[in-house]
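Please keep the sequence and the 3D view at hand while reading.

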Amino acid sequence: MYRLSARLGVGQCLAFLLSVLSVNAGVDYEPALPPSYPLAVRNPYLSTWIPGNVVENLPTSTPQFWTGQDLTWSIIGRVDGKAYSLMGVSNSGDATVPAQVQKAEYTTTHSLFTLSAGPVKFTLDFLSPVSPSNYLRQSLPFSYLTVSVSSPGSHDIQVYSDIGDEWTGSMDTDRNFTTQETTSVFTLFAENVATYTEVNDMALWGEVVFASKPSISSKLSAFSGPAGRARSDFAQHGTFTAQQSQWNPGEVVALSHDLGRVTGSRSVNFAVGYVREKAINYLGTPYTGYYRSKYPTTAEAVSYFLDDYVGALGESTELDSKVSAKATAVAGQNYSDIVTLSVRQAYAGIDLTIPYDTLDTSDPLAFIKEISSDGNVNTVDIIMPAFPIYYVMDPDYIRLLLEPVMRYMAAGRWHLPYVIHDIGSSYPNATGHDDQLAEPMPIEETGNLMVLTYAYTKATGDTRWAAQYTGMLQKYADYLVHNSINIANQLSSNDAAGPLPNETNLAIKAAVGLKAFGKLSGLTNYSDVGDEHAKIFYTDKLGTDPKKTHFVLEYPDMPSTWKTPYNLYPDVLLDLETFPKSAYAMGSKFFQTVRGEYGVALDNRQDWAKSDWNMWLAGTFDTTTRDQFVDDLWAFMTNGLNTWPFSDRYISTSDQGNKPGLGVLCKARPTVGGHLALLALEGPGSISLSTLSSRSSSNGDAETLNAEGLKAEDL
């Protein structure tokens, strides 16, 4: 089933209908068909997806790492002695037959696929928990695969899954097998690699984890070896008859459950993950996952993760419901579709850590990767576009992400008079830029820091954290005072567009940033300067065309230029009132006149749009123009032309001869957190969960969560 919005334009409707005709009409896609479905998406190195255009052939299709590398992950169901491939079995010979895909669905935390296999139905449920306020659960580097069977009569059922060593990023691998109580745990790892090294954005120094434990009435078996042997053995016998042999790179590790005779519904769980004992190199000190304060070994951690399924499932169900309902109430079903696809991706760019040597849970730090560009660590203009999702779900993440940056600058290792761009050129090495050679974005990052720090303080009421950095922040605010009218030639966040002198949107950012610092510090003279700058650029028309129909790209005397002035959004969100309401009303009218087939481009020089900034800007508009921006992004997301994890940059207009609706370069980026900008206007923490417990090292215990009455299927 497809839903066609009545608000889409003629061109969008035609493109959408053509995409519908290109996919299997027998598959029900709910709520829409996305470019790619998140399967196991938890951190920068556990990021596994299945392109939307292959889901109709899911039984023979291969999942991918976010960059596009194939990752062996197969699932087989066996019914009354006959084996059906459910996912990832491309060369099965006569051992299995493909099941028939009936439905594909995504929610905020789940991707679900329903397939018919003879007389029964199987559902594959890929759950990647999003639990930002529960540091233990959020930091666990694992994802769930739940395979459920619905049997109308009594049938003999077995379930199989395997993964391959491509997940390690290396061709030189080894494997271990261990048990933790009843949990069977495989680990795969690269040989002879240095800590903190990547290849093709995949981590090399950790361990791939594949685990399961028997349910109340299933028998669990394990095997490692050639994929063909493992799958044919299971298909023939419903278990493994061959003995595990010496490991050879290129093979698989496999687990199977024998459920016996099944009448009604049954399910089994698997866990897949990627563990780095030393996760981040922060200024020469190793940081590890927060969860290791309680579960110091991989086997203990993944065993707990499987035990925590009931709690995680209950929380995810509540989150799914609240996100969908609130997003729909704010801006309609199309907006809900966008938001629900964005949440897992936004949090999957982050590692939540504590010091490796002390495991001190009172000192958590979060690190974010600039995915799909240059891999920088804690880039301030990556945190900035993403921050609406933190503002909505847990504003403390603004502090957790900024703290590593603040500590570095406060230590005096960054000597330039403006805020640093990032604290490491290559994730996970947050080793700073003592050579002062970070990418220069003086106004951009300095304004960002002012806004983000105030946003955290306003959302949480915590004044102590920012207070310890007041002197440093004031120094940077002074930089904005003296350098944000006659702006030197420089980059903004959209560095692909190139540098400009006197960019109006940067001047807007500086004015709003100064107002934010004034509110934060109580130093009203900075607020006064912000207000005065806003008057110069809007009221006195330095930053607008003479008729005051729109903000120009650059000033002075460039009336025909324009850029999306998304930096107005924090002024609205944080009630700063730097600019008058008429400045926003101006944009509501103007941007309807420059709208392309898939929305509004970044500026008059480009044919590409930025989805995060456009949702920011939509938050400053009247509802008519806002809804146009939402519908344009939804049309891009569902047009069937893209197979990447949600791209935040795409061709929006054919004006320059390129095909509209195609993604450009950027994929799987955490900046899609900016898609929640409209939700953030409802207030900080507006998506809260009743099942969340405290942030102590023991939070999220399965015993605590289960006591709340949450129920799961018979496992």
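What follows describes selected strands, helices and residues of a predicted model.

Strand S13 covers residues 183-190, and eight of its eight residues are buried. In a regular strand the side chains alternate between the two faces of the sheet. In S13, Thr183, Val185, Thr187 and Phe189 lie on one side, while Ser184, Phe186, Leu188 and Ala190 lie on the other. Both faces of S13 are covered.

S13 pairs with strand S12 and with strand S16, as the table shows. The table also includes the pairing of strand S20 with strand S21.

| Strand pair | Residues of the strands | Sense | Bridges |
|---|---|---|---|
| S12 and S13 | 173-180 and 183-190 | antiparallel | eight |
| S13 and S16 | 183-190 and 207-212 | antiparallel | six |
| S20 and S21 | 285-289 and 350-355 | antiparallel | three |

Particular residues face each other across these pairs. Phe177 stands opposite Phe186 in S13, and Ser184 stands opposite Ser212 in S16. S12 and S13 make a hairpin with two residues between them. Glu181, in the turn of this hairpin, has a positive phi of about 55 degrees.

**A five-stranded sheet**

An open sheet is built from five strands in the order S22-S21-S20-S19-S23, and its pairing is mixed. Strand S22 (365-368) and strand S23 (429-430) stand at the edges with a single partner strand each, so one side of each has no neighbour in the sheet. Within this sheet, S20 and S21 are joined by the three bridges listed above. Gly289 has Thr353 in S21 as its bridge partner.

**Helices H6 and H7**

Two packed helices are described by the angle between their axes and the distance between the axes. For helix H6 (residues 333-347) and helix H7 (residues 380-393), the angle is about 100 degrees and the axes are 11 Å apart. H6 and H7 are therefore roughly perpendicular to each other. On the H6 side, the contact involves Val343, Ala346 and Tyr347. These residues meet Ile389, Tyr390 and Met393 in H7. By class, the contact has six nonpolar residues, no polar residues and no charged residues.

**Helix H3**

Helix H3 spans residues 227-237, and its buried residues are Ala230, Arg231, Asp233, Phe234 and Ala235. These buried residues pack against several strands, namely S5 (73-79), S6 (82-87), S11 (142-164), S17 (219-225) and S18 (252-275). Just after H3 comes Gly238, with a positive phi of about 80 degrees.

Thr620 sits in the loop between helix H16 (611-618) and helix H17 (623-637). Its relative accessible area is 9%, so Thr620 is buried, given that the cut-off for buried is under 20%. The side chain of Thr620 also reaches the backbone oxygen of Leu617 at 2.7 Å.

Is Tyr598 buried or exposed? Tyr598 is buried, with a relative accessible area of 4%. Its place is in the loop between helix H15 (581-590) and strand S24 (608-610). Tyr598 and Gly81 are 517 residues apart along the chain, and their C-alpha atoms are separated by 50 Å.

Conventions:
Residues are numbered from 1 along each chain as its sequence is written. This is a predicted model: local features need pLDDT of at least 70, side-chain atom pairs count only at pLDDT 80 or more; totals for chains, interfaces and linings use all residues. Side-chain values use heavy atoms; hydrogens and water are left out. Two strands pair if DSSP finds at least two bridges between them. Helices (H or I, at least four residues) and strands (E, at least two) are DSSP runs, numbered from the N terminus. Axes are lines fitted to C-alpha atoms, for helices over the stretch in contact, and angles run from 0 to 180 degrees between N-to-C directions. Angles under 35 degrees count as roughly parallel, over 145 as roughly antiparallel, 65 to 115 as roughly perpendicular and the rest as oblique. Contact means heavy atoms within 4.5 Å. Ala, Val, Leu, Ile, Met, Phe, Trp, Tyr, Cys and Pro count as nonpolar, Asp, Glu, Lys and Arg as charged, and the others, Gly among them, as polar. Buried means under 20% relative accessible area, exposed over 50%, partly exposed in between (1.4 Å probe, protein chains only). A polar contact is a pair of N or O atoms within 3.5 Å; within protein, one must be able to donate a hydrogen and the other to accept it, and residues adjacent in sequence count only if both atoms are side-chain atoms.
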